[in-house]
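Welcome! Please take a moment to look over the sequence and the model, and then let us walk through them together.

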Amino acid sequence: MRPGDTRAAGPALTEIEALRLDAEQAALILGGLDTGFLVRCVVPITVPDLAEATALDFSQTGHLCTALQAIGVLEEENGRYRLTRHYAALLTEGSDLHALNVLHGSAVRQRLFTTMFWPAEAGPTAFWHLDRADQQALASSVSVDPFAPYARSAVEGLIEGIPPWREAFGSGARYLELGCGLSGMLLTSASIYPGLHGVGVDLSASLIDIARARAVALGLERRLTFTVVDAAAFTDPEPFDVVLWSQDFFPAAGRKSVLANAYSRLRPGGLLVAPVLVPMSRPHDIKSALDTLLLQSWDVPSMTGAEVAAEVEAAGFTDATIHPRPFHTVVFAHRP
Ligand SMILES: C[S@@+](CC[C@H](N)C(=O)[O-])C[C@H]1O[C@@H](n2cnc3c(N)ncnc32)[C@H](O)[C@@H]1O
């Protein structure tokens, strides 16, 4: 092939073009959500009104609407643009906040994937050693936003669907979360169940700072405490009824001692909950291969629900059960 002759590479370049278009569409949606542009299109709006509301140039507003229409986000009728039914669903219950978190997290993942090819960047870095902004973006993308209504229905739907979890939280449990990060789960659970008292533990001081501030903003600070410490070393004189282990972010080396500590912190008969947010398929499909790549860069093993269940039983927990849910799987087990 001569330089400049792209015929032989035609099929590959067609795929690159499709990838480029996907990435650019995601960027348009991110911008439209981030700036409030799309929220203004919940009801039909003319380009001049939209330009005035967003303080954008009139012709740029028109071009943005045309592009958003082409990718199926907006539709036009009688000179007014509004969200298509498909995308209008994003604006219900604050799901747009979750969509934004996912897209911001993806931007960080894209950069991390690119730098994995640079020799100086190679080798595992613990998640909590990433810079503050990256930690926050990645943690948000796998969390729920406790201020958004969707979080309540998502968390309530999950817990209420699993009897031992529902019974424990409904009757005022002492709850420990090992690897609480931004604490979307902990804060939302405490908002739903008024008798719940919780402790969140994480090695990331910056995520714990945010979790603490959120607890105050939600009026939950009297029932929740947060500690920056290794989950393997956390102690408390009182036993817990439920321990949730955010195992997806826990490196291989420390997992046994974290599980041993979870066992010691639980009362006999207490419940261990281990969500598998990044479900693995074997052989890997694209999603699972990319997630595995990211996890291994933090020295975290990528595991299926069945493998997490076996790991938990090897640590002495009994009756491990696996509950597949639409976006993730949850493993449960008991301390005998
Ligand atoms: C992303 S969070 C989990 C999200 C959380 N369940 C929520 O609802 O927002 C997982 C956390 O595990 C923490 N982690 C990993 N290993 C840890 C360890 N040994 N001790 C304490 N925290 C750890 C990471 O710092 C990360 O913040």
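Which residue in strand 10 does Leu 271 stand opposite? Leu 271 stands opposite His 334. We will come back to that pair once the surroundings are clear.

This is a predicted model, so some limits apply: local features need pLDDT of at least 70, side-chain atom pairs count only at pLDDT 80 or more, and totals for chains, interfaces and linings use all residues. Residues are numbered from 1 along each chain as its sequence is written.

Let us start with the overall view. The protein has 13 helices and ten strands; helices (H or I, at least four residues) and strands (E, at least two) are DSSP runs, numbered from the N terminus. The C-alpha trace spans about 65 × 55 × 30 Å along its principal axes. Of the 336 residues, 37% are buried, where buried describes a residue with 20 or more other C-beta atoms within 10 Å of its own, the C-beta atoms being placed from the backbone. Among contacts between residues at least 6 apart in sequence, 67% join residues at least 24 apart; a contact here is a pair of residues whose C-beta atoms, placed from the backbone, lie within 7 Å.

Now find helix 5, residues 95-115. Its 21 residues reach 31 Å from the first C-alpha to the last, close to the 30 Å expected, a span worked out as 1.5 Å times one less than the number of residues. Asp 96, His 98, Asn 101 and Val 108 are buried in helix 5, and what covers the buried residues of this helix includes helix 1 (10-34), helix 6 (132-141) and helix 7 (149-160).

Next come the sheets. Strands of a sheet pair through backbone hydrogen bonds, either parallel or antiparallel. Here, two strands are said to pair if DSSP finds at least two bridges between them. Three strands make an open, antiparallel sheet in the order 1-3-2. Strand 1 (45-46) and strand 2 (74-77) each have a single partner strand and stand at the edges, so one side of each lacks a neighbour in the sheet. Strand 1 is joined to strand 3 (residues 80-83) by two bridges, and Thr 46 stands opposite Arg 80 in strand 3.

Elsewhere, look for strand 7 (residues 240-245), where six of the six residues are buried. Strand 4 (residues 174-178) pairs with strand 7 in the parallel sense over four bridges, with Leu 176 opposite Val 243. Strand 7 also runs parallel to strand 8 (residues 266-276), joined by four bridges. Val 243 has Leu 272 as its bridge partner in strand 8.

From strand 8 we return to our opening pair. Strand 8 and strand 10 pair in the antiparallel sense over six bridges, and Leu 271 faces His 334 there. Strand 10 (residues 329-334) is mostly covered, with five of its six residues buried. Strand 9 (residues 318-324) pairs with strand 10 as well, antiparallel over five bridges, and a hairpin of four residues joins the two.

Finally, turn to the ligand. Of the 25 residues around the ligand, Ser 143, Gly 179, Gly 181, Met 185 and Ala 231 come nearest; a residue is near if its C-beta atom, placed from the backbone, lies within 6 Å. Helix 9 (184-192) and strand 5 (197-202) are the elements that give two or more residues to this shell.

Terms used: Buried ≥ 20, exposed ≤ 12 C-beta atoms within 10 Å, placed from the backbone. Contact = placed C-beta atoms within 7 Å.
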